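Here are my notes on the model you sent over.

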2 protein chains.
Amino acid sequence: MIKLLAFDTFGTVTDWHTGVSEVLAEQFPDIDGSRLALDWRRTYAPALAEVESGSRPWTLLDELHREALDRLLRDSYRIVASTRQLDIAVHAWHVIPGWPDAADGIRRLKSQYVVSALSNGNVALLTEMAKLNGFDWDFIGGADVWRHYKPAREVYLGIAELMQVRPDEVLMVATHVTDLAAARSFGLRTAYIERPREWGPEVKDEAPNPLDAFHATGLDDLADQLGC
Amino acid sequence: MIKLLAFDTFGTVTDWHTGVSEVLAEQFPDIDGSRLALDWRRTYAPALAEVESGSRPWTLLDELHREALDRLLRDSYRIVASTRQLDIAVHAWHVIPGWPDAADGIRRLKSQYVVSALSNGNVALLTEMAKLNGFDWDFIGGADVWRHYKPAREVYLGIAELMQVRPDEVLMVATHVTDLAAARSFGLRTAYIERPREWGPEVKDEAPNPLDAFHATGLDDLADQLGC
């Protein structure tokens, strides 16, 4: 029996490509905002892995984002960004627009389940995102609650422990197969959400796994399937 | 400038005496539910202090509640409670009714501030309480997020760190002078809420401190004073 729904946020409930591209295009009008957003996003997993490997101490996503963009602009675009440009660009991740079905879907699912963000964003970032988009979470599981980044076991088992449920009573909801595979490896159940436009113009190359308990086109579809 | 409102829950937003007395009266019909609730509550601060002193390892409030009630019933009431009776009594703290002004007050305050529970209850308990009462928290700061009990500094400074605000941008909202004094000692601002019926038939013997930034009769009054 599922008691808790844990949601990935970047890509699953929000459209980071649109939100971040627009801000980058405003701040750096001479370059392609979409391409820069995609390049920036590709630095994400390696940066988190560097923290999880122990080769650098716990560092908030905001700081990882800032360092990566600064380096990327210098190395690949020959641009030295100002502090203010970096501030604005890093903040873009706090105010990403939700996918059109997200806020209503979360509200419907909340009527029968505990709904929690479970994200590599930090609590302050996710709180700002939630207030802006009307995401009515019961709890915000930011990475800084555990000081670990997914796919670390501390995050997946941490939310189950905080909510006093068994791992198999948690449904991890995400549009990323790596997130879902990690969740399954720690005993959680999984729901894959299609977000074909997550990477904007780039084709999303992911094959959902038949081990997912649910496969949905959006959070409205997931709510339908769960009878909410 | 205040950015975050952190709320004590037991007594400040919920009426524990009424909720717990009623459940105890049902489970132990031969004794006075109100008196037992008051006796039980008096075991609370010493039990938390035992954890904070380091003389016992981190233990959830549910477990502390259970041990204390079991001992109290044996020693003072000559009753051996069943496991089921203890389960139901411990769970009573999850489903305490809110004070009549609480849910609406939180909703009004949320329109202009980040609103967070900051409680010695654990996250699962506070989530159940919030869903039942319609407390529309932005975040639930349960003691198990930090594995510390108020008045420990880790809790007060922990919520400021998670929300990326300075301590003096946090307003601690409580009906307990000890909670507010601790918050002030760590640089938070404070609001005292009158809850004269917190202890049911017993007179509440607390003198609010002139150092409180606000003194309010309820959360509706606090929302008025904060212009929400």
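1. A word on terms before the sheets: two strands count as paired if DSSP finds at least two bridges between them. Helices (H or I, at least four residues) and strands (E, at least two) are DSSP runs, numbered from the N terminus. This is a predicted model, where local features need pLDDT of at least 70 and side-chain atom pairs count only at pLDDT 80 or more, while totals for chains, interfaces and linings use all residues. Residues are numbered from 1 along each chain as its sequence is written, and chains are lettered from A and ligands numbered from 1 in the order in which they are written.

2. Start with the sheet in chain A. Six strands make an open sheet, ordered β3-β2-β1-β4-β5-β6, with parallel pairing. From one strand to the next the twist averages 25°; angles here run from 0 to 180 degrees between N-to-C directions, and axes are lines fitted to C-alpha atoms, for helices over the stretch in contact.

3. For a closer look, take β4 (residues 170-174) and β5 (residues 189-193) of chain A: they run parallel and are joined by four bridges. Across from A:M172 you'll find A:T190 in β5(A). Helix α10 (residues 177-185) of chain A lies across β4 and β5 of chain A, and runs at about 165° to β4(A).

4. Now chain B. Its open sheet of six strands has the order β3-β2-β1-β4-β5-β6, and the pairing is parallel. β3 (139-141) and β6 (214-216) of chain B each have a single partner strand, so one side of each has no neighbour in the sheet. The twist averages 25° from one strand to the next. Between β1 (residues 4-7) and β2 (residues 114-118) of chain B, which run parallel, there are four bridges, and B:L5 stands opposite B:V115 in β2(B).

5. How do α4 and α5 of chain A cross? The axes of α4 (residues 61-77) and α5 (residues 83-92) of chain A come within 9 Å and cross at roughly 125°. That angle is why α4(A) counts as oblique to α5(A) (under 35 degrees is roughly parallel, over 145 roughly antiparallel, 65 to 115 roughly perpendicular and the rest oblique). On the α4(A) side the contact uses A:D62, A:H65, A:R66, A:L69 and A:D70, and on the α5(A) side A:L86, A:A89 and A:V90; residues are in contact if their C-beta atoms, placed from the backbone, lie within 7 Å. These residues split into four nonpolar, one polar and three charged.

6. On to domains, whose bounds come from an automatic or database domain assignment. Chain A is assigned domain 1 (4-15 + 96-225) and domain 2 (16-92). Their centres, taken over C-alpha atoms, are 23 Å apart. Domain 1 of chain A puts 21 residues into the contact and domain 2 of chain A puts in 15. The domain 1 side divides into nine nonpolar, seven polar and five charged residues.

7. Last, the chain interface: 14 residues of chain A are in contact with 14 residues of chain B. On the chain A side, α7 (123-133), β3 (139-141) and α8 (143-146) each supply at least two residues. The largest share, five residues, comes from α7(A). By type, the chain A side has nine nonpolar, two polar and three charged residues.

Technical notes:
Two residues are in contact if their C-beta atoms, placed from the backbone, lie within 7 Å. Ala, Val, Leu, Ile, Met, Phe, Trp, Tyr, Cys and Pro count as nonpolar, Asp, Glu, Lys and Arg as charged, and the others, Gly among them, as polar.
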